[in-house]
Amino acid sequence: MSIFKKSGYLRVLFVGLPFGVASLIGGTTMFNEIPETPKELIVYEGVLTSFGETTYYEVELDLERTLFYVKINSEMYYADRRKERRIMESYDYKIGDSLKVWTNLNDVYIRQIVVNDQVVMVYKPPYWRAWFFTLAGILFTVMSVFYLIKYNADYFGED
């Protein structure tokens, strides 16, 4: 029996099961941390001074992207997803428009925007991430537990 086959039980015990439990815990905590309404986001109000496409460099990812932006007073806010970008670019902006922009805390990405009391883009909570980690956690945890129960003889290297 190869060492890879002999160590299957230990890999599931020390990698598969902890990964499943961590994903399950992470997914369930994400549900509590995602703001459900724009009231829980930070709102910035002001007058539109410029808008259009610009190159944005994200330091954390070491990535340079072309994004649509709106500039309120001296701060710039960006639409980072294609869907949001299409929605925002289609609006007919004019310099001097009154804007309200909602973002996450310490973030520059627009989650909701209102121009002249007209909602251009509505906030949609990103629950897909929480569902992904929760379902992956359930899947890995259940598979690991079943493997550990069914193949407990693998721990001793038996065939």
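This is a predicted model: local features need pLDDT of at least 70, side-chain atom pairs count only at pLDDT 80 or more; totals for chains, interfaces and linings use all residues.
Residues are numbered from 1 along each chain as its sequence is written, and side-chain values use heavy atoms, with hydrogens and water left out.

Let me begin with the overall division. The domain assignment gives domain 1, made of 1-34 + 127-156, and domain 2, which covers 42-121; such bounds come from an automatic or database domain assignment. Between the C-alpha centres of domain 1 and domain 2 there are 40 Å.

Helix α4 takes in residues 127-150, which is 24 residues, and from its first C-alpha to its last it reaches 34 Å, close to the 34 Å expected at 1.5 Å a residue, where the expected span is 1.5 Å times one less than the number of residues. Which residues of α4 are buried? They are A130, T134, A136, G137, T141, S144 and L148, where buried means under 20% relative accessible area, exposed over 50%, and partly exposed in between, with a 1.4 Å probe and protein chains only. These buried residues pack against α2, residues 8-33, and contact here means heavy atoms within 4.5 Å.

Now to the sheet. Six strands form an open sheet with antiparallel pairing, in the order β3-β2-β1-β4-β5-β6, and two strands pair if DSSP finds at least two bridges between them. At the edges are β3 (75-79) and β6 (118-121), each of which pairs on one side only. From one strand to the next the twist averages 40°; axes are lines fitted to C-alpha atoms, for helices over the stretch in contact, and angles run from 0 to 180 degrees between N-to-C directions. Helix α3, residues 82-89, packs on this sheet, where it touches β1, β2, β3, β5 (112-115) and β6, and its direction makes about 35° with that of β2.

Looking at particular pairs, strands β1 (residues 42-58) and β2 (residues 63-72) run antiparallel and are joined by 10 bridges, with T54 having L67 in β2 as its bridge partner. Five bridges join β2 to β3, again antiparallel, and Y69 has its bridge partner, Y78, in β3.

What about the turns? Most residues other than glycine have a negative phi. In the hairpin of β2 and β3, with two residues between the strands, N73 takes a positive phi near 55°. D62, in the loop between β1 and β2, has a positive phi near 50° and is exposed, at 58% relative accessible area. D117, in the loop between β5 and β6, has a positive phi near 60°, and this residue counts as exposed at 74% relative accessibility.

I will finish with Q112. Is Q112 buried or exposed? Q112, which sits in strand β5, is buried, because its relative accessible area is 10%. Leaving aside neighbours within four places in sequence, Q112 is in contact with several residues, among them P38, W102 and Y123. A polar atom of the Q112 side chain lies 3.1 Å from the backbone nitrogen of Y123.

How values were computed: Helices (H or I, at least four residues) and strands (E, at least two) are DSSP runs, numbered from the N terminus. A polar contact is a pair of N or O atoms within 3.5 Å; within protein, one must be able to donate a hydrogen and the other to accept it, and residues adjacent in sequence count only if both atoms are side-chain atoms.
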